[in-house]
Amino acid sequence: MRKVTQSGFDSYLQKKLRTSPTLAREYAAQFAELPLGTQLAILRRRRLLSQEAVAKKLNVAQPHVARVERPEHYPRLSSVVNQTKAIHCRLIVVPEELLSQVAQLVADAR
């Protein structure tokens with residue numbers, strides 16, 4: 001199984017997000033605008049999990065995980081929910097007016 005490592009940029013970004021609440025809020029707001037598949041891929045990599053490892057947890061083939069992560073693909077909600085659980089995350093719907101507060105909570109939790 002392929003090992004996923006954190007790049008130098010990933011480390012740098014995480015450090016900057018921890019030390020700058022303003023940057024963390026803006027990053028979270030921009031992250032929320034990304035396609036869902038891209039968000040899943042980013043979160044999976046942050047957890048240092050390969051697509052193979054997630055596929056094994058879900059008992060599916062690796063191409064299924066890759067397909068769900070493609071920005072142009074519109075996966076079934078059940079696939080998204082299962083994949084978020086496999087990477088130890090949860091899918092939630094956040095009202096627009098609360099997005100900045102949720103972003104701040106996420107930033108503070110780092």
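L13 sits in helix α1, which covers residues 8-19. Helices here are DSSP runs of H or I with at least four residues, strands are runs of E with at least two, and both are numbered from the N terminus. L13 is buried, as its relative accessible area is 17%; buried means under 20%, exposed over 50%, and partly exposed in between, with a 1.4 Å probe and protein chains only. From L13 to R25 the separation is 12 residues in sequence and 13 Å in space, C-alpha to C-alpha.

The model is predicted: local features need pLDDT of at least 70, side-chain atom pairs count only at pLDDT 80 or more, and totals for chains, interfaces and linings use all residues. Residues are numbered from 1 along each chain as its sequence is written, and side-chain values use heavy atoms, with hydrogens and water left out.

**Fold and dimensions**

- The protein has seven helices and zero strands, in the order α-α-α-α-α-α-α along the sequence.
- The C-alpha trace spans about 40 × 35 × 20 Å along its principal axes.

**Packing and surface**

- Of the 110 residues in the protein, 29% are buried.
- Taking contacts between residues at least 6 apart in sequence, 59% join residues at least 24 apart; a contact means heavy atoms within 4.5 Å.
- Carbon and sulfur atoms hold 55% of the accessible surface, which totals about 7500 Å². Accessible areas come from the Shrake-Rupley method with a 1.4 Å probe, and for residues only the protein chains shown count as cover.

**Charge**

- There are 18 positive and 9 negative side chains, and the centres of the two sets are 11 Å apart.
- Lys and Arg count as positive and Asp and Glu as negative, while His and the chain ends are not counted. Each charge is placed at NZ of Lys, CZ of Arg, CG of Asp or CD of Glu.

**Loop residues with positive phi**

- L48 lies in the loop between α3 (36-46) and α4 (51-58). Its phi is positive, about 55°, although L48 is not a glycine. L48 counts as partly exposed because its relative accessibility is 44%.
- N59 is found in the loop between α4 and α5 (62-69). N59, a residue other than glycine, has a positive phi near 60°. With a relative accessibility of 71%, N59 counts as exposed.
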